[in-house]
Amino acid sequence: MKKSKIFWGYMALALVIYAVVQVLINNGIVTFYYQNMLITMCINIMLAVSLHIILGITGQFSIGHAGFMAVGAYVSAICTMQLELPFVTGILLGAIVAALAGLLVGIPTLRLKGDYLAIATLGFAEIIRIIFLNIEYVGGAAGMQITHQTNWTYAFFGVVVTILIISNFTNSRHGRACISIREDEIAADAMGINTTYYKVVAFAIGSFFAGVAGAIYAHNFYIIQPTTFGFLKSFDILIFVVLGGLGSLSGSVLAAILLTIVTTYLQGFPETRMIIYSLVLILVMLYRPSGLLGTKEVTDLFKFGKRGGSKA
Amino acid sequence: MSETLLKVDSLGITFGGLKAVQKVDMYMNQGELIGLIGPNGAGKTTTFNMLTGVYTPTEGKITFNGKSIGGLDPYKVTRGGISRTFQNIRLFKELSVLDNVKVANHGLAKHNLVSSIFRLPSHFKGESKMEEESLAFLKIFGLDVYKNELAKNLPYGMQRRLEIARALAAGPKLLLLDEPAAGMNPQETHDLMELIAFIRKEFNLTILLIEHDMHLVMGICERIYVLDHGQLIAEGSPAEIRSNPKVIEAYLGEEVTE
């Protein structure tokens with residue numbers, strides 16, 4: 001009973017945040033510039049949280065996340081621009097195709113471990129990029145023009161659904177199975193966990209929400225080009241998760257918010273932008289090597305003494 | 001009622017040119033407590049790994065509960081009713097003590113992925129059943145006071161106990177214990193002996209035990225197998241093993257004849 005109360009509390013909080021920002025947008029207090037920053041923030045949160053389930057929860061080192069984002073972006077763009085389907089249908093189809101791509105890549109590559117898996121997923125993301133680069137139907141290297149359909153409502157509820165489903169997954173026997181794979185794959189196997197199945201499931205769910213993020217991204221910037229989804233984008237997402245703390249959902253959300261703000265404000269200093277950005281990363285890693293929150297969640301910080309008073 | 005639960009026929013495995021284990025024949029009847037001993041490097045843990053599916057045997061047959069299980073995936077072997085502990089503790093360090101046990105309980109729960117993602121009633125029912133059962137296991141091992149503690153923060157002896165609790169939560173018919181008393185002091189070893197005897201009765205278990213502590217092995221095992229250089233050199237009751245010249249030779253070396 002207590003848990004459902006906390007849940008409705010969070011939902012109410014989310015609705016309040018949504019309503020306040022929406023009112024501010026309607027009144028013109030939040031300008032188009034800041035509205036755009038908020039939407040980018042939402043997209044980054046979705047990307048971070050969707051990689052969190054693969055890397056932070058299941059411990060599979062995937063650095064091809066931009067590939068799944070690209071699939072979501074292009075498929076949704078084809079749906080809305082070429083087939084003239086509604087935007088919501090486009091988001092869903094984009095996400096489903098991205099999840100299928102995740103299954104397709106996951107089943108053969110998840111037998112690999114650590115560095116090998118990283119290289120394989122990196123290779124996959126590049127293949128996706130090259131494919132889109134060479135298809136004239138989606139504009140090739142010149143990119144694909146898309147009408148602006150994303151707004152605060154789509155972006156915000158995209159984030160809410162992503163976080164809700166991924167945290168529901170994590171706090172169940174299925175999520176625990178994934179964490180046990182991260183902690184010790186041999187022991188997990190010996191305890192009756194079908195490790196391949198859960199790795200693939202986590203990979204597919206992660207790809208699904210990367211697809212959602214890609215679809216919302218595609219309809220925000222008027223144009224998508226294959227170069228946007230290069231490996232640097234994959235690394236950006238990876239940085240959100242690592243900086244937030246591997247295994248912490250709220251950590252990756254927090255890191256995505258912070259880094260989006262940092263990048264947005266640094267756009268005024270194009271010459272020194274990457275230097276300052278890198279410095280921020282180096283400093284955080286020096287002083288918080290396990291990420292901003294480690295494996296803890298924001299909510300844990302308010303539960304003093306509940307963990308038996310021991311220091312992790 | 002002494003039907004054969006586990007039967008091993010001329011089991012063997014080679015790693016490259018090394019014959020780690022060869023021609024091992026064993027049987028275990030329902031409800032027996034059997035010891036597997038031998039000097040270091042004799043192939044005891046390798047045998048365990050073959051029984052639990054970690055290694056695929058290169059020769060021989062393993063029959064458990066009437067079914068052939070040689071070379072099956074480890075998680076299938078566990079679901080089939082064999083679970084184990086590890087010689088070098090392999091707990092899920094960053095999970096709480098309770099969650100460690102819940103992970104092993106996973107195979108017995110029914111609620112599926114969709115019900116968990118959308119928080120359907122079957123999810124809540126399934127999760128609270130898991131919680132209840134896992135807490136019951138912790139209570140037996142005196143670990144319920146530590147349930148929210150991270151596994152890595154437990155004292156060593158408690159970690160060993162948690163390993164056994166976790167293995168039990170997978171619902172085995174046959175429990176394989178790989179050096180459960182390693183590193184324990186005599187008092188802890190004594191408590192562990194009583195605990196093993198208790199769970200065996202309570203859960204109607206068959207137990208195979210690897211152990212170097214001869215006091216423990218001789219004290220509770222009904223039959224003992226002795227491995228040396230990958231081969232079985234003796235089998236019998238503790239008294240027989242104690243006076244077997246081959247066993248003495250394997251442990252202490254040959255007698256010098258003048």
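**Notes on a predicted two-chain model**

1. Chain B holds ten helices and ten strands. Its radius of gyration is 19 Å, which agrees with the value near 18 Å that a compact globule of 258 residues would have. Along the principal axes, the C-alpha trace of chain B spans about 80 × 40 × 40 Å. Of the contacts in chain B with a separation of 6 or more, 65% are accounted for by residues 24 or more positions apart.

2. The division of chain B into domains deserves a separate look. Domain 1 is made of two stretches, 1–81 and 172–258, while domain 2 covers 90–170. The centres of domain 1 of chain B and domain 2 of chain B, taken over C-alpha atoms, are separated by 27 Å. Where the two meet, eleven residues of domain 1 of chain B are in contact with nine residues of domain 2 of chain B. On the domain 1 side, the elements that give two or more residues are helix H2 (74–80), strand S7 (174–178) and helix H7 (186–202) of chain B. By class, the residues on that side of domain 1 of chain B divide into seven nonpolar, two polar and two charged.

3. If its neighbours within four places in sequence are left aside, B:Leu135 is in contact with B:Asp144 and B:Lys147. The C-alpha atom of B:Leu135 is separated by 21 Å from that of B:Gly81, a residue 54 residues apart from it along the chain.

4. Most residues other than glycine have a negative phi. B:Lys23, which is not a glycine, has a positive phi near 50°, and B:Asn65, likewise not a glycine, has a positive phi of about 55°. B:Lys23 lies in strand S2 (residues 18–29) of chain B, whereas the place of B:Asn65 is in the loop between strand S4 (59–64) and strand S5 (67–68) of chain B. B:Lys23 is partly exposed, with 14 other C-beta atoms within 10 Å, and B:Asn65 also counts as partly exposed, with 16 C-beta neighbours inside 10 Å.

5. Turning to chain A, there are twelve helices and two strands, and along the sequence these follow the pattern α-α-α-α-α-β-α-α-α-α-β-α-α-α. The radius of gyration of chain A is 19 Å, close to the 20 Å that the globule rule gives for 312 residues, so chain A is as compact as a globular protein of that length. The C-alpha atoms of chain A fill a box of roughly 55 × 50 × 45 Å along the principal axes. Of the 312 residues of chain A, 47% count as buried. Among contacts in chain A between residues at least 6 apart in sequence, 79% join residues at least 24 apart.

6. The contact between the chains takes 29 residues from chain A and 33 residues from chain B. Helix H6 (152–170), helix H7 (173–183), helix H8 (185–190) and helix H9 (195–218) of chain A each supply at least two residues of the side that touches chain B. Which element gives the largest share of that side of chain A? The largest share, seven residues, comes from H7(A). By class, the side of chain A that touches chain B has twelve nonpolar, ten polar and seven charged residues.

7. H7(A) is mostly covered, since eleven of its eleven residues are buried. Among the buried residues of H7(A) are the charged residues A:Arg173, A:Arg176, A:Arg182 and A:Glu183.

8. H6(A) and H9(A) pack with their axes 10 Å apart, at an angle of about 175°, which makes H6(A) roughly antiparallel to H9(A). To this contact H6(A) brings A:Tyr154, A:Ala155, A:Gly158, A:Thr162 and A:Phe169, and H9(A) brings A:Ile205, A:Phe209, A:Val212 and A:Ile216. The residues of the contact of H6(A) with H9(A) divide into seven nonpolar, two polar and no charged.

Methods
Residues numbered from 1 in each chain as written. Chains lettered and ligands numbered in written order. Predicted model: local features only at pLDDT ≥ 70, side-chain atom pairs only at ≥ 80, totals over all residues. Helix = DSSP H or I, 4+ residues; strand = E, 2+ residues; numbered from the N terminus. Rg over C-alpha atoms; globule rule 2.2 N^0.38 Å. Buried ≥ 20, exposed ≤ 12 C-beta atoms within 10 Å, placed from the backbone. Contact = placed C-beta atoms within 7 Å. Axes fitted to C-alpha atoms, helices over the stretch in contact; angles between N-to-C directions. Parallel < 35°, antiparallel > 145°, perpendicular 65-115°, else oblique. Domains from an automatic or database assignment.
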